[in-house]
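Work through the exercises below with the sequence and the structure open. Try each task before reading its solution.

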Amino acid sequence: MHLLDPISFSFPLLASATQAADSSMVVAAVLLSLVVVYLASKVGGELSNQVGLPPVLGELVGGVVVGISVFHLLVFPEGGTDSSNSLIMSFLKITAGLTPEATPAVFAAQSEVISVLAELGVIILLFEIGLESNLKDLMAVGIQATVVAVVGVVVPFAAGTVGLMTLFGIAAIPAIFAGAALTATSIGITSKVLSELGRLNSKEGQIILGAAVIDDVLGIIVLAVVASLAKDGVVDVSKVIYLIISATGFILGAILLGNVFNKSFVAIADRLKTRGGLVIPAFIFAFAMAYLAAVIHLEAILGAFAAGLVLEETEKRKELQRQVCPIADMLVPIFFVTVGAKTDLGVLNPAIPDNREGLIMATFLITVAILGKVITGLSVFGQPEINRLAIGVGMIPRGEVGLVFAGVGAASGALSKPLGAAIIMMVILTTFLAPPLLRFVFPDPKTVDSGSDQLILDGSSGTSLVIEPPQSRVPASNDSGNLEVTPESSDR
């Protein structure tokens, strides 16, 4: 039984609340909460997509709108809010006969269930990210991308942590957590914009994408270390060293395990003939790895990410990605909307004198977030003609990865309301700014009309990429069946 000691499997709030509350009312409250969550995520995601921004940003903003900052539809007790502030509880009183005496217990149970679903959502999100992170590509990006990634982690982390502690007097643990949130880079947002610009296969594009993938791995390790420190509330140098070694060893061990486990997994999946024959064994493995990570005092999300890395190496990876996608579509939005709903942007209102420090803190984090990544372009060496500014700008967006940091930090209790809101503002603004800035620093590819043929030139180097008739220009496909985005197909 000593093996189970590091993890608390009890949910005292949930247990006591459900014992005192009518279970049918709890179910009704949870169902209404999910209606709010999915409406907010879908409307926000669609509106965000319409203006050319990633849907995940719309899900976050949708959560802010339905949460404590605006409509009070989805609120949680850990922010100091009680059941009287929840419009869902008020609606249940009117439509379902919920009594005032039973309301606090129902509210507590409903909040805990949604929070647990959000935690499950982020575990599945990291599993999905792992499935999409190709280890062969990661090892092939070379020293340039590795240097860019390391600089992009170290500089903003150090500047953010030291700045918060010295300029604002923030305690070590929350300052480290905020600094860690600055290390993230969203590969999804950057790759989408590079694809639209026809720069995905350029030298700059390859370095950006390679560095962003490495950033994800380093960021997850940093998150696991920082979240573990937040549980104790103190910075112990020996524990920091232990956590860094454990997290790194865990990822490397998972990669080595993949070489042994892959064939066994495929053989097991091929023998199963009932529904879920592939995805259920995959989730068994992912949750087991998440449990193992938690047992050794790391974060469950690190285990899920490692499981994704392992299964990405199997021949079933594409089919598995397709089957995991609808499950992620159900659970991951709960995480993003919940993060937004728990964020009280009112603490950044400059009209209230006490809030001005939080607003200044947000401005500081945004500045460090931008400059800390832009400077990474200067670390590229041996490439005199390369667009260093474009590489730095491509590393700016935090996106869904930054939200994972904010969500885990808020759940751990390490972040104060102003600091948590400041991190959310940093994630939103860096994600908003990155697409237009990338379009600005990358000039449009030049085209020269030559009769029936077109000469396509790379805007950064001026070198010829392809000469062919316009009718024959179609997107190429690589050996794995993925779309090979080339400059001449980027506007389709």
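An axis here is a line fitted to C-alpha atoms, for helices over the stretch in contact, and angles run from 0 to 180 degrees between N-to-C directions. Helices (H or I, at least four residues) and strands (E, at least two) are DSSP runs, numbered from the N terminus. The model is predicted: local features need pLDDT of at least 70, side-chain atom pairs count only at pLDDT 80 or more, and totals for chains, interfaces and linings use all residues. Residues are numbered from 1 along each chain as its sequence is written, and side-chain values use heavy atoms, with hydrogens and water left out.

**Exercise 1. Find how helix 12 and helix 14 are oriented to each other.**

Step 1. The axes of helix 12 and helix 14 (residues 317–342) come within 10 Å and cross at roughly 75 degrees.

Step 2. Angles under 35 degrees count as roughly parallel, over 145 as roughly antiparallel, 65 to 115 as roughly perpendicular and the rest as oblique.

Step 3. The two helices are therefore roughly perpendicular.

Step 4. Val279, Ala282 and Phe283 of helix 12 make the contact with Leu320, Gln323, Val324 and Ile327 of helix 14; contact means heavy atoms within 4.5 Å.

**Exercise 2. Classify two phenylalanine pairs by their ring planes.**

Step 1. Rings of Phe, Tyr and Trp (its six-membered ring) pair if their centres lie within 6.5 Å; planes under 30 degrees apart count as stacked, over 60 as edge-to-face and the rest as tilted.

Step 2. The whole structure holds 6 aromatic pairs. In one of them, phenylalanine 261 and phenylalanine 265 have ring centres 5.9 Å apart and planes at 40 degrees, so this pair is tilted. Both residues lie in helix 11 (residues 237–271), 4 residues apart, about one turn of the helix.

Step 3. For phenylalanine 283 and phenylalanine 287, the ring centres are 5.6 Å apart and the planes are at 25 degrees, so the pair is stacked. Both belong to helix 12 (residues 279–295), again 4 residues apart, about one turn of the helix.

Step 4. Ring pairs link Phe127, Phe283 and Phe287 into a cluster.

**Exercise 3. Decide whether each residue is buried, partly exposed or exposed: phenylalanine 265, phenylalanine 283, phenylalanine 287, histidine 72 and glycine 413.**

Step 1. Buried means under 20% relative accessible area, exposed over 50%, and partly exposed in between (1.4 Å probe, protein chains only).

Step 2. Phenylalanine 265 is at 3% and counts as buried. Phenylalanine 283 has 8% and is buried, whereas phenylalanine 287 has 36% and is partly exposed.

Step 3. Histidine 72, in the loop between helix 3 (55–66) and helix 4 (87–95), has 23% and is partly exposed. Histidine 72 also has a positive phi of about 60 degrees although it is not a glycine.

Step 4. Glycine 413 lies in the loop between helix 17 (399–412) and helix 18 (417–441). Its relative accessible area is 59%, so glycine 413 is exposed.
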